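Subject: Structure handover

Hello,

Here is the structure we talked about. Please open it alongside this note, which goes through what was found.

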Amino acid sequence: MRGLPLPLAALVDQLSTLPGVGAKSALRMALNLISRPEEESKNLATSLSELHEKVGFCPECGSFSERGHCAICRDTRRDGALLCVVEQPVDVLMVERSGFGGSYHVLHGRLSPIDGIGPEQLTIAALEQRVAKGGVRELVLATSATIDGEATAYYLASAFASNPITISRIARGVPEGGELEYLDEFTLSRALEQRIPW
Ligand SMILES: [Zn+2]
């Protein structure tokens, strides 16, 4: 960017690579940072530099964890026999908002043959080990409603079919407050298919 001191231009460049941040808002952020006390920028820099060092993944469920097992896996009040299988750690945060009281298994992706993502690239072997150890009563397949998400759910349902556990799929349907006219055909047909008795 012309006329901008190099360090500031470098910051604008880096900020603009973040999702949802265009060149204009990156510039606004950078100018805002330089107008504030130096200490605030240093605090932000510390958080950024410690991010990868301090945040990892839980060895049990694969969700975010500060060190060792995550808070959910350590919580003995939760139902460890009910596993909600999700694609990404962020999905855990979303399902948590629903008040779900079970545990999780994060796949770290979904099957996508076009992108070369097969079962080996996901944490399916770890899930098989968790089920084989016993103590799992139900797998709730909460992968996305995309074609790849559906294929992943189908794969998992088949892979675990011979186990004496319940396998369920989260119902897809009309979102709370959703007008039917705004729904795509697929969502609406699934909503009709999975209708529940009144
Ligand atoms: Zn965990």
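The largest nonpolar core has 15 residues, and V85, L127, V131, L139, L141, L156 and F160 touch the most other members. A nonpolar core here is a set of buried Ala, Val, Leu, Ile, Met, Phe, Trp, Tyr and Cys residues joined through side-chain atoms within 4.5 Å. Buried means under 20% relative accessible area, exposed means over 50%, and partly exposed is in between (1.4 Å probe, protein chains only). Two or more residues each come from β3, α6, β5 (138-141) and α7. Helix α6 gives the most, with three residues. Helices (H or I, at least four residues) and strands (E, at least two) are DSSP runs, numbered from the N terminus.

A word on the source. This is a predicted model: local features need pLDDT of at least 70, side-chain atom pairs count only at pLDDT 80 or more, and totals for chains, interfaces and linings use all residues. Residues are numbered from 1 along each chain as its sequence is written, and side-chain values use heavy atoms, with hydrogens and water left out.

Take F160. Setting aside neighbours within four places in sequence, F160 is in contact with L127, E128, V131, L139, I165 and I167. Contact means heavy atoms within 4.5 Å. There is also a second, separate core of 14 residues, which includes C61, C84, V92 and V95.

Helix α5

V92 and V95 are buried residues of α5, as is P89. Viewed down the axis of α5, the buried residues fall within an arc of 110°, so they line one face of the helix. The arc is that of the directions from the helix axis to the C-beta atoms. These buried residues pack against β1, β2, α4, β3 and β4 (102-106).

Zinc site

Which residues coordinate the zinc ion? C58, C61, C70 and C73 do, each through SG, at 2.3 Å. Donors are N, O and S atoms within 2.8 Å of the metal (3.2 Å for Na, K and Ca); water is not among the atoms, so sites may look incomplete. The donor spacing along the chain is C-x2-C-x8-C-x2-C. The site is tetrahedral, with angles of 105 to 115° among its four donor atoms. Four donors count as tetrahedral if all angles lie between 85 and 135 degrees. C58 sits in the loop between β1 and β2, and C73 in helix α4, so this pair ties together parts that are 15 residues apart in sequence. C58 is buried, at 4% relative accessible area. C73 is partly exposed, at 25%.

Salt bridges

A salt bridge is a side-chain nitrogen of Lys or Arg within 4 Å of a carboxyl oxygen of Asp or Glu. The count by that rule is nine.

- R130 and E60: the closest N and O atoms are 3.4 Å apart. R130 lies in helix α6 (residues 124-132) and E60 in the loop between β1 (56-57) and β2 (64-65), so the pair ties together parts that are 70 residues apart in sequence. R130 is buried at 9%, while E60 is partly exposed at 28%.
- E96 and R78: the closest N and O atoms are 2.6 Å apart. E96 is in helix α5 (residues 89-96) and R78 in the loop between α4 (71-74) and β3 (79-86), 18 residues apart. E96 is partly exposed at 26%, and R78 is buried at 16%.
- K42 and E38: the closest N and O atoms are 2.8 Å apart. Both lie in helix α3 (residues 38-54), four residues apart, about one turn of the helix. E38 is exposed at 54%.

Which residues of helix α8 (residues 185-193) are buried? They are T187, R190 and A191. They cover an arc of only 100° around the axis, which puts them on the same side of α8. E185, L192 and E193 are exposed on the other side. The cover over the buried residues includes α7 (147-159) and β6 (166-169).

G173 lies in the loop between β6 and α8. G173 is partly exposed, at 29% relative accessible area. Apart from neighbours within four places in sequence, G173 is in contact with T187 and A191. G173 and L183 are ten residues apart in sequence and 9.2 Å apart in space, C-alpha to C-alpha.

Best wishes

Key. Four donors count as tetrahedral if all angles lie between 85 and 135 degrees; four count as square planar and six as octahedral if opposite donors are over 155 degrees apart and all others between 65 and 115; anything else is irregular.
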